[in-house]
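Work through the exercises below with the sequence and the 3D structure at hand. Each task is followed by a stepwise solution.

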Amino acid sequence: MAQPWWVDLESPPTAPGQAPLPTTRVALHGLCVATSGDYRRVYTHDGARWPHTIDPRNGRPLANGLASVSVLHTECLWADAWSTALTVLGREQGLALATAHGIAALFVQREPDGRLTETLTPAMKELAG
């Protein structure tokens, strides 16, 4: 019998003094995972963070505070597309869309005080171990 591949989703680095986020572990059995985020490819200028993802609605780098969005899907192409789209939409709109479509997604938000917080869609809560 085939066994799932258990994967820990990487969390973005936390602010100094903040405890690391809890590990979210998922079983990839017939599923793919993709993560879009602002912590690997980012440009910092005068203390401002400029992620590499551009918001197509205004042509500017994202400024919605999302550090990352991870998506599980049966097809890799869709996992990648959804993670990027949900990142562009931001936590509130992205969470609503993902929930409406039954998408398993993990949102990591940068709060104004520098802390990172996580929000899981209901579908992700069912899959996370």
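A nonpolar core is a set of buried Ala, Val, Leu, Ile, Met, Phe, Trp, Tyr and Cys residues joined through side-chain atoms within 4.5 Å. Buried means under 20% relative accessible area, exposed over 50%, partly exposed in between (1.4 Å probe, protein chains only). The model is predicted: local features need pLDDT of at least 70, side-chain atom pairs count only at pLDDT 80 or more, and totals for chains, interfaces and linings use all residues. Residues are numbered from 1 along each chain as its sequence is written, and side-chain values use heavy atoms, with hydrogens and water left out.

**Exercise 1.** Find which residues touch the most other members of the largest nonpolar core.

Solution.
- Step 1: The core has 13 residues, and Val26, Leu72, Val108 and Met124 touch the most other members.
- Step 2: At least two residues each come from β1 (5–9), β2 (24–28), β8, β9 and α3 (122–127). Helices (H or I, at least four residues) and strands (E, at least two) are DSSP runs, numbered from the N terminus.
- Step 3: β9 gives the most, three residues.

**Exercise 2.** State which residues of α1 are buried and what they pack against.

Solution.
- Step 1: α1 covers residues 76–89.
- Step 2: Its buried residues are Ala79, Trp82, Ser83, Leu86, Thr87 and Val88.
- Step 3: They pack against β3 (32–37), β6 (54–55), β8 (66–73), α2 (91–100) and β9 (104–110), where contact means heavy atoms within 4.5 Å.

Note on methods:
The expected span of a helix is 1.5 Å times one less than its number of residues.
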